[in-house]
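Here is a short briefing for a first look at this structure. Start with the view below, then read the points by topic.

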Amino acid sequence: MKAVSLENVRFAYPGNEQMRFNFSVGAGERLAIMGASGSGKSTLLHLLAGFETPQSGSIISGNMDMTSVEPAARPVSILFQDNNLFGHLTVSQNIGLGIAPRLKFSKAENQAVEIALTKVGLTGLGKRLPYELSGGERQRAALARALLRDKPVLLLDEPFAALGPAMRVEMLDLVMQLQIEKNLTVIMVTHNPDDAEHFATRIGFVENGQLSATMPADALQQPPKGSALADYLGSKQNKT
């Protein structure tokens, strides 16, 4: 079953070459999107999230054509490298924005926030302000907010790139645990082949505004010779 698909989607920023996307992601899949800077990886996520609108084509989720649907109404949550926490709000308030943007929480919503804090390992930190948290803890809070929205598709735009290797693996393991628990479909943009191989079930490679190839994650160990992916991973290949 397809969780989301881009069908003959065309998009271009003013003065730039047209990007073309035509692919689908299965329900419960973990897809890592790789490619050089400027190739169109983040734009792909922005199209899915509704921050950009294609000039033509359709974006489908389940039986829903969400091409023209506002971002808040889409069955999608997105987590950025910049965690987008509000400095003047407590951790609990920041997380609660996922379900109550006016910050008026019912008893049930407060309980849902506490459960989300526990799931991401932030029990007891709800009254703190973001500056009182470590970088990893702030990303956990942002992840809790995304999960609290309870959308079936989670987009990750390099959210853990600024973290050290051990913390990145810890966060990826946490996302995998929650993905399995909630049967989420996760699409993650990353420059890091180790992260992609650790996390994803499938790899997509974006080149010049197109998803030029998809393959099992273990293909990163031995990408097709002469392919753009092999060129991209050159330094990694030379070490193996």
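Predicted model: local features only at pLDDT ≥ 70, side-chain atom pairs only at ≥ 80, totals over all residues.

Helix α4 is largely enclosed by the rest of the structure, because 11 of its 14 residues are buried.

**Helix α4**

- Helix α4 runs over residues 135-148. From first C-alpha to last, α4 reaches 20 Å, close to the 20 Å expected at 1.5 Å a residue.
- The buried residues of α4 include G136, Q139 and R140. The run from A141 through A142, L143, A144, R145, A146 and L147 to L148 is buried too.
- Just after α4, D150 takes a positive phi of about 55°.

**The largest pocket**

- The lining of this pocket has 18 residues. Nearest its centre lie F51, I78, F80, R145 and R149.
- The most come from β6, with 5 residues.
- By class, the lining of the largest pocket holds 12 nonpolar, 3 polar and 3 charged residues.

**The second largest pocket**

- From α3, α4 and α5 come at least two lining residues each. The most come from α3, with 4 residues.
- Among the lining residues of the second largest pocket are A112, I115, A116 and K119. A144, L147, L148 and D150 line this pocket as well. So do L178 and K182.
- A144, L147 and L148 are also among the buried residues of α4.
- The lining of the second largest pocket has 7 nonpolar, no polar and 3 charged residues.

**Residue A32**

- A32 sits in strand β3, which spans residues 30-34.
- Is A32 buried or exposed? A32 counts as buried, because its relative accessibility is 0%, and buried means under 20%.
- Leaving out residues up to four places away in sequence, A32 touches M188, T190, A196, A200, R202, I203 and G204.
- Q221 is 189 residues from A32 along the chain, and the two C-alpha atoms are separated by 15 Å.

Technical notes:
Residues numbered from 1 in each chain as written. Heavy atoms only, no water. Expected span 1.5 Å × (residues − 1). Buried < 20%, exposed > 50% of the residue type's maximum accessible area, 1.4 Å probe, protein only. Contact = heavy atoms within 4.5 Å. 1 Å grid on protein atoms, 1.4 Å probe; cavity = no way out; pocket = protein on both sides within 12 Å on 5 of 7 lines; lining within 4 Å. Nonpolar A, V, L, I, M, F, W, Y, C, P; charged D, E, K, R; others polar.
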